[in-house]
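Trainee: Could we go through this one together? I would like to know what stands behind each label.
Mentor: Gladly; here it is.

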Amino acid sequence: MSESLAAANRRGILCMVGAMASFVSNDALVKFASQTMPSAQLIFVRGVMALLLALAVTHAMGLTPRIAEVRRGWPAGRALVDAIATMLYLSSLFYLPIGNATAINLATPLMMAVFAAMFMSERVQGARWVAIFAGFIGVLLVIQPTASGFNGYALLCLLGTLFHAARDLMTRRIDPGIPSILITLATAVAVTALSGGLSLVQGWQPFGLFEFGLLALASVFLFAGYYLIITSMRQGEMTLVAPFRYSGLLVAVVIGYVVWGEVPNGLAWSGIALLIGSGLFILRHEQRGRRASAASG
């Protein structure tokens, strides 16, 4: 493995971990706001603020004249797929236990590994398959979904997961010359437009400064998550970076303990250990691979 690829892998992993931490933090804030606001309205208001933030950053970077580059082709297609994935996942979440929905959604790394092998000719080494499956088992141990919680909406959630995996695959197809902030902007536009249309059907209700503050902070985390997930998928090897999506569950466990006083049981602690172990295993295996390549070179 070349030093440049190794560096790209490290950047991809760090961005993936940051993205997951941002998305989970956003979810925690949205959970509070959802107690008093309709879901589509909440997503739309949060999306508008994230969109304004993306526009401000784009303008500050002097990239406003290049916005037209993401109105078509792969960037526009990716944004649409991301918006559909978001709506499918959230729609299923209303009718599924959150543990079941999260478990299905965190199957994304498995699907990405399959897609990368099938459509991108990326070699998926045996060690990576082991780590991906071990991580997913760890997810199930932490979440402990129940059989009774699965119903027809589980298929809708699975469809959303497929769209998430397709979104990340499409990210790799986008011209490297297009800045990630412009792809982030396109995503914010698509999600906001779709949720805005749904909010007109679902209806609106008044909300106060508290909810506004929660959504404003959530929009910052959402913007960061959008940008970092895009950047992570444009760095290094997809099948190496994707398993670090599981890190979001670890962040969720910490937030659950700090905010809601939720303490994992014995099975959950075993799952957490397996998650951490799978990540360390991947990193250790890649370090050995780089050393072997350097020695042979």
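Mentor: Let's start with a definition: contact means heavy atoms within 4.5 Å. By that rule, residues 24 or more positions apart account for 91% of the contacts in the protein with a separation of 6 or more. Keep in mind that this is a predicted model, where local features need pLDDT of at least 70, side-chain atom pairs count only at pLDDT 80 or more, and totals for chains, interfaces and linings use all residues. Residues are numbered from 1 along each chain as its sequence is written, and side-chain values use heavy atoms, with hydrogens and water left out.

Trainee: What makes up the secondary structure of the protein?
Mentor: There are 12 helices and zero strands. Helices (H or I, at least four residues) and strands (E, at least two) are DSSP runs, numbered from the N terminus.

Trainee: Why is His164 called buried?
Mentor: Buried means under 20% relative accessible area, exposed over 50%, and partly exposed in between (1.4 Å probe, protein chains only). His164 has 10% relative accessibility, so it counts as buried. His164 sits in helix H7 (residues 152–171). Apart from neighbours within four places in sequence, His164 touches Ala85, Thr86, Tyr89, Asn105 and Thr108.

Trainee: And what makes Leu275 buried?
Mentor: Leu275 counts as buried because its relative accessibility is 5%. Leu275 belongs to helix H12 (residues 266–296). Setting aside neighbours within four places in sequence, its contacts include Gly135, Val139 and Tyr246. Leu275 and Ile132 lie 143 residues apart in sequence, yet 9.4 Å apart in space, C-alpha to C-alpha. Across the protein, 51% of the 297 residues count as buried.

Trainee: How do you know how H1 runs relative to H9?
Mentor: The axes of helix H1 (residues 3–33) and helix H9 (residues 209–233) come within 7 Å and cross at roughly 155°. That makes H1 roughly antiparallel to H9. Axes are lines fitted to C-alpha atoms, for helices over the stretch in contact, and angles run from 0 to 180 degrees between N-to-C directions. Angles under 35 degrees count as roughly parallel, over 145 as roughly antiparallel, 65 to 115 as roughly perpendicular and the rest as oblique.

Trainee: How do you know whether the protein agrees with a compact globule?
Mentor: The rule is 2.2 Å times the number of residues to the power 0.38, with the radius of gyration taken over C-alpha atoms. For 297 residues a compact globule would have a radius near 19 Å, and the protein has 19 Å, so the two agree. Along its principal axes, the C-alpha trace spans about 65 × 50 × 35 Å.
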